[in-house]
Amino acid sequence: MPARRKESCGRFREKREMNDFMVYVMLHWGAVVVYALATVLNVYGLIFEKDRHEGASYYVVYAGLALHSAAVLYWWNITGHGPYITRNEVLSSDAWIMLVLFLAFFRMFPRIKPASIVVFPATFLLIALGLFFNPELQSLPPTFRSIWLVMHISFYKIALATIIVAVSFSVFYILKKRTRISWLERLPELETIDIYAYRFAGFGFTFWAIAMLAGSIWAHQAWGRFWGWDPVETWSLITWSFLGLHLHLRRFFKWRGERSAYFYLACFALSVFALFFAVHAGISIHSEYFK
Amino acid sequence: MTKIKQLLLSRKTVLTLILLILAAVVTGYIFPQKFTATGEQLQNWQDAYPFWSLWGNRLGLDHVYTTPWFAVLLLTFLITLLLSTIEQVKFSYRKTFSRGIPPDASGVNVSASREDIIVTIRDAGYRLAFHDGPNLRFIRHRWGHWGNALLHAGIAVVISASLLIVITEKRGLIHLVEGDTFPAGGQWLLEETGILGGRFILPDAVRLERSDIEFWETDEIKSQTTVFSFVGADGKEARHKIGINLNVNDRGLRIYQGRSFGEAFYVSLSDSNGKEFNSVFNLDHPFKRDKASYGNFVLEGIPYTLKTKYYADAEKRTIDGKDPLLVMRLVRIDQSLGGVTGGGKEGRLKMDIVKKEKVLAEVSLRAGEKKPFGPYTAKLVHVAKWTGLIFTKSTGMPGIFAGFFIIIIGGTLTYFMPPREINAVKEGEGFNLAWKAAKFGNLYEDEFKRILEMLDQKGSR
């Protein structure tokens, strides 16, 4: 190919990539704005007991979800792989799965509705945070072409979503017990809040276990080693043990209510560390890909 | 025996074991572990924390997961888990298949007919599990009683399988250059075997036929495949192709693509007397086309260190390594004692060694080139590819798969299908309906209220 033509091809590709980035970022910012609007309506509706506003917030959040889904699919089409390689993709898909799961669970358990006060803002904050890590085009490493990896990542995302719902109810429990904030009266009675926190903590524990096991099966398939005690694996195991400890303390040692809620806050902090920060805690297979 | 069983099933024992395992894992994270840290890292850590390293050596804290005390801890935990699972299986069986109406069942009186009760409760998703004359017992999600048992059984299966793998596993890594052969019983570059593993000896020699790597435009790996052969003593060959996520099984051995790969540089140095020093330098493939990968080598008979770096492409235009450039430096390293510190209570002395390096010559070579190199003449005779191959022999992986699916089923039954039951006992003209949920009762109370409302509507018609 003549040098001049090669150069113009290169420029064309660069320009096309710039356009791709712009569309992706704009769609995401659009979703952030719509989600933020939904959050304002939702918080206003919940706190001031305005059912119309609260109801409207769901229509708005669905609009945001449509934009967000479009952004994720658009990028998927461009990169040729799912949203799990760069930090930006990971945070965006975490937010997407959390919101979708919340909306699905809300259909099954309508009483978890007030958790929207945590889930809605968490959704747009995660996307906005992701946008600070500039999106980049990264090819899919061949090791990542495995269904077990997709399961590994998807189940961690699902676990995070359920843990966020559980932690919302833990916070609600503490607030409702300790304060006299009027909108908290709209929440179910303390005992029910406690049970919701317990149930979603159970979901989190199970999904975390499934994610961890899918990861070890993937590692075995790729490198013939199912567990390597690298920092990410170790912290994941520590977190899972804490999640299990929480369930046991609750079930057998009557750690209910406030004590259980505080303990779960610690579990939540651990899970955030394990998912987002442990990768920086040392050199490992995980850090090679995600640092 | 019963007392031991009671002790192992005690909630406090289970809690203590979980806490001890957690403590062991955290310790394993804090103390550098032999199998993840380099010798230098271990030494640095020991120098920095002499007190802890003393305890570390005594308790084996630098290899927590292979210590006997950790194995005992895990085994005890496994036994408690198995015993607890057996108890839960018995409980689940009783709950699922028991007949009769619980004597303590008492609830709300309704004036509905037996048929109305059956139809209404069935419509709400319950199934008639038992009937004794007019008395009825309905259960929704009766298999949900097995959730906890399966969840615990799944975890027990995974731990058992992991223990089995750790104890019996054999694992060896080699780096092989295209055309080279690794003899059966040869020295592994890295070998890991479980307590019951024994020495890992391959049934036949292994020859590397070809290593193919493709790259994306971004210099990241697109695909990697390796062709190798098992070569028997009788000359019989069995050829295999492996790649990333593509492993093969041969006579119970599973062979994986190693993560390392690169180029082998066949270098010949000759001094003024015509004496030749031939060596092969295996260097990792660089990550980027404009970045080098590095390696230091010491050759027998040469009193200097050879510091080498290599670019995948001499012009730095591609990453494929078809026209590599090897840069070598001849370095003289002088070491002297810089000072001695320490002593005190622990009586440990620390000597600082000062290294001084002097570069005597540098040369850049493409394949086939020959150039002067300080007191020598250097020639890059040939460049070939090398790659890593991992051989494993282990038992227990199917257990991990099985545990995975049992946990999924257990989790689904526990958290998505908690069983609820309604006992209808004939009382006068109507029935007494008692409702209870095995778990999360508060969340399903409305379900029973709706049933009562429907029965009420039917009764008033």
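Two strands pair if DSSP finds at least two bridges between them. Helices (H or I, at least four residues) and strands (E, at least two) are DSSP runs, numbered from the N terminus. In chain B, the four strands E5-E7-E8-E9, in that order, form an open sheet with antiparallel pairing.

## Basis of the model

This is a predicted model, in which local features need pLDDT of at least 70 and side-chain atom pairs count only at pLDDT 80 or more, while totals for chains, interfaces and linings use all residues. Residues are numbered from 1 along each chain as its sequence is written, chains are lettered from A and ligands numbered from 1 in the order in which they are written, and side-chain values use heavy atoms, with hydrogens and water left out.

The term pLDDT stands for the predictor's confidence in each residue, from 0 to 100. Chain A has a mean pLDDT of 86, with 89% of its residues at 70 or more. Within chain A, helix H8 (residues 257-277) has the highest confidence, at 94, and helix H9 (residues 285-290) the lowest, at a mean of 60.

## The four-stranded sheet of chain B

The sheet E5-E7-E8-E9 of chain B has strand E5 (181-182) and strand E9 (237-243) at its edges, each pairing on one side only. Strand E7 (residues 205-215) and E8(B) are joined in the antiparallel sense over ten bridges. One bridge partner in E8(B) is B:Ser223, which belongs with B:Glu214. The hairpin of E7(B) and E8(B) has five residues between the strands, and B:Asp219 takes a positive phi near 75° there.

Strand E8 (residues 221-231) of chain B also pairs with E9(B), antiparallel and over seven bridges. B:Ser229 faces B:Arg239 in E9(B), and B:Val231 stands opposite B:Glu237 in E9(B). The hairpin of E8(B) and E9(B) has five residues between the strands, with B:Gly235 at a positive phi near 85°.

## The five-stranded sheet of chain B

Another open sheet of chain B has five strands in the order E1-E20-E19-E3-E2, with antiparallel pairing. Its edge strands, each pairing on one side only, are strand E1 (108-110) and strand E2 (127-132). On average, neighbouring strands of this sheet are turned by 25° against each other, direction ignored; axes are lines fitted to C-alpha atoms, for helices over the stretch in contact, and angles run from 0 to 180 degrees between N-to-C directions.

E1(B) pairs with strand E20 (residues 430-437) of chain B in the antiparallel sense over three bridges. B:Asn109 stands opposite B:Asn432 in E20(B).

Strand E11 (residues 253-270) of chain B is largely enclosed by the rest of the structure, because 14 of its 18 residues are buried. Buried means under 20% relative accessible area, exposed over 50%, and partly exposed in between (1.4 Å probe, protein chains only).

E11(B) is joined to strand E18 (residues 376-393) of chain B by 14 bridges, and the two run antiparallel. In E18(B), B:Ala384 is the bridge partner of B:Ala264. Strand E12 (residues 276-284) of chain B pairs with E11(B) over nine bridges, also in the antiparallel sense, and B:Gly262 stands opposite B:Asp284 in E12(B). Five residues lie between E11(B) and E12(B) in their hairpin, where B:Gly274 in the turn has a positive phi of about 85°.

Strand E10 (residues 248-250) of chain B pairs with E11(B) in the antiparallel sense over three bridges. B:Val248 stands opposite B:Ile255 in E11(B). The hairpin of E10(B) and E11(B) has two residues between the strands, and B:Arg251 takes a positive phi near 50°.

## Helices and loops of chain B

In helix H6 (residues 114-123) of chain B, the buried residues are B:Ile117, B:Ile118, B:Thr120 and B:Ile121.

B:Phe31 sits in the loop between helix H2 (11-30) and helix H3 (39-48) of chain B. This residue, B:Phe31, counts as buried because its relative accessibility is 8%. B:Phe31 and B:Leu42 are eleven residues apart along the chain, and their C-alpha atoms are separated by 8.9 Å.

## A nonpolar surface patch

B:Tyr49, B:Phe51, B:Trp52, B:Leu54, B:Trp55, B:Leu59 and B:Trp69 form a nonpolar patch on the surface, with about 720 Å² of accessible area together. Patches are made of residues with over 30% relative accessible area and no salt bridge, like charges being joined within 9 Å and nonpolar side chains (Val, Leu, Ile, Met, Phe, Trp, Tyr) within 5 Å. A salt bridge is a side-chain nitrogen of Lys or Arg within 4 Å of a carboxyl oxygen of Asp or Glu. Accessible areas come from the Shrake-Rupley method with a 1.4 Å probe; for residues, only the protein chains shown count as cover.

Helix H4 (residues 50-59) of chain B gives the most to the patch, with five residues. B:Trp52 lies in helix H4 of chain B and is partly exposed, with a relative accessible area of 47%.
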